[in-house]
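This report walks through selected local features of one protein chain. Please keep the sequence and the 3D view open while reading.

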Amino acid sequence: MARLEKREAVIGIVGLGYVGLPLALAGLDAGFRVLGFDVSAQRVGAINAAEQVISYIGSDVMRSAMDSGRFDCTTDFARLAEADAILICVPTPITRHRDPDLSFVRDTAETISKTLRPGQLIVLESTTWPGTTREIVHPLMEATGLVVGENVFLAFSPEREDPGNPNFGTKTIPKVVGADDRHSRDLAVALYEKVVSKVVAVSSAAAAEATKLTENIFRSVNIALVNELKQVYAAMGVDVWEVIAAAATKPFGFMPFYPGPGLGGHCIPVDPFYLTWKAREYGMETRFIELAGQINTSMPRIVVDRLAEALNETTGRGLKSSRILLLGVAYKKNVDDTRESPSLVLIEQIEHRGAICDFHDPHIPAIPSTREHPGLAGRRTVALTADAISSYDAVLVSTDHDAVDYSMIAANAKLILDTRNVFARLNLTADHLVKA
């Protein structure tokens, strides 16, 4: 505790992605020495070279971090022994059968146990089902002969990153912290109080784990609701975007959520299924959550169906042999993150139906390798010019990045399908503009 108070403690962060790297930078800003760990030698080398590895974290920020002399990244996990606090920020994906894949958490915990020493604090930040910290990480820590809560400490504090959000960052988002013993909780609270603006302590690790799932399930269910309303209102000739904007003027009892071509990112399309999986252990069904997941995962197919209908109306041949330009393969606007992006599903479904599908994304020069869409890896963005736009049978807006000339698209596209309402927001009109 004294080393934390004096900011002499060394923070180790395992996983230097969209959660771990911002957390490392926040730790540096708080005055701590930070050790970053990642299995990717390429990423470690880029960070140590102060390169911009995340689009919304500038090279100037990276250079300042490296120049501080308090930030070092490595693939040598034996150096975990140097850290006083180790924060685990590794992926927790789901399998094709929507079962949790905790292999990254288990592997990391086993690696930590090899160098675990008395006095270290271990905090899991990766989103998971309630009980993971106690049932998976805790036994691996105590298999070393150390005792959690006495000479080694364990807590859970869920990440709450919103990549690219200019209004909220790691330091300004309140941090929930839970542990199963008082000493671990007090140490974790003391650490995060130095790094973020506010810490909210809860009674257990499971309560903290459940908090994160509840936040993401809340969003998943409400997005599913407006995705379903979009289809119902469209059949009635009513614009769901206009309805949501009007409903949002009510100062109480309503929070606006917006439809789209599907859900992306790690949290919303993945995390709810961690709870549905765990609930089965207790003989419980999570019908509401699973229905929301079914609606959201069906959206790419619905968008492609609408694209085919619109093409048939304008060209008479539908998707077969058509040339489609998809705008945006990132899962959300103004970021370079393709995790679980519905755009990748859209490309595959469009091409499965006989069309050619190119993409333009100002933040993603090439589609990275993914476990779910290996056939798309390496495809490169096309230049967005008036001639290029006019050469396609349709332009499909999947992600509404700001760095796109929508007026040029409106002036040159033969057909536009807008899944994000970006043209209406910009007061742009065009022939054959369809909301989808």
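**A buried serine**

Start with Ser341, which lies in the loop between β9 and α13. The model is predicted. Is Ser341 buried or exposed? Its relative accessible area is 1%, so Ser341 is buried, the cut-off being under 20%. Leaving out residues up to four places away in sequence, Ser341 touches Gly264, Val329, Ala330 and Tyr331. Ala330 is eleven residues away along the chain, and its C-alpha atom is separated from that of Ser341 by 6.2 Å.

Strand β9 (residues 323-327) pairs with strand β11 (residues 394-397) over four bridges, in the parallel sense. Within that pairing, Ile324 has Ala394 of β11 as its bridge partner.

**Strands β1 and β2**

Elsewhere in the chain, strand β1 (residues 10-14) pairs with β2 in the parallel sense, over five bridges. Gly12 stands opposite Leu35 in β2. Val14 has Phe37 as its bridge partner in β2.

In a regular strand the side chains alternate between the two faces of the sheet. In β1, Val10, Gly12 and Val14 point one way. Ile11 and Ile13 point the other way. All of these residues are buried. Five of the five residues of β1 are buried, so β1 is largely enclosed by the rest of the structure. For β2 the count is four of the five residues, so β2 too is largely enclosed by the rest of the structure.

**Aromatic pairs**

How many aromatic pairs does a search of the whole structure find? The search finds five. Two of them are tabulated here.

| Pair | Centre to centre | Angle between planes | Class |
|---|---|---|---|
| Phe37 and Phe77 | 5.6 Å | 35° | tilted |
| Trp241 and Tyr258 | 6.0 Å | 10° | stacked |

Phe37 lies in strand β2 (residues 33-37), while Phe77 lies in the loop between β3 (71-74) and β4 (85-88). The pair therefore ties together parts that are 40 residues apart in sequence. Phe37 has 0% relative accessibility and so counts as buried.

Why is the pair of Trp241 and Tyr258 stacked? Their planes are at 10°, and planes under 30 degrees apart count as stacked, so the pair falls in that class. Trp241 sits in helix α9 (residues 240-247), and Tyr258 in the loop between α9 and α10 (267-270). These two residues are 17 residues apart, and the pair links distant parts of the chain. Trp241 counts as buried because its relative accessibility is 11%. Tyr258 has 45% relative accessibility, so Tyr258 counts as partly exposed.

**Charges over rings**

Two lysines sit over aromatic rings. The charged end of Lys278 is over the ring of Trp129, 3.9 Å from its centre. The charged end of Lys175 is over the ring of Tyr192, 4.7 Å from its centre.

**A buried threonine**

Thr128 lies in the loop between β5 (121-124) and α6 (132-142). Its relative accessible area is 1%, so Thr128 is buried. The side chains of Thr128 and Thr132 are joined by a polar contact of 2.6 Å. Which residues is Thr128 in contact with, leaving aside its neighbours within four places in sequence? They are Leu102, Phe156, Glu209, Leu213 and Tyr274.

Conventions
Residues are numbered from 1 along each chain as its sequence is written. This is a predicted model: local features need pLDDT of at least 70, side-chain atom pairs count only at pLDDT 80 or more; totals for chains, interfaces and linings use all residues. Side-chain values use heavy atoms; hydrogens and water are left out. Rings of Phe, Tyr and Trp (its six-membered ring) pair if their centres lie within 6.5 Å; planes under 30 degrees apart count as stacked, over 60 as edge-to-face and the rest as tilted. Buried means under 20% relative accessible area, exposed over 50%, partly exposed in between (1.4 Å probe, protein chains only). A charge sits over a ring if NZ of Lys or CZ of Arg is within 6 Å of the ring centre and within 35 degrees of the ring normal. Two strands pair if DSSP finds at least two bridges between them. Contact means heavy atoms within 4.5 Å. A polar contact is a pair of N or O atoms within 3.5 Å; within protein, one must be able to donate a hydrogen and the other to accept it, and residues adjacent in sequence count only if both atoms are side-chain atoms.
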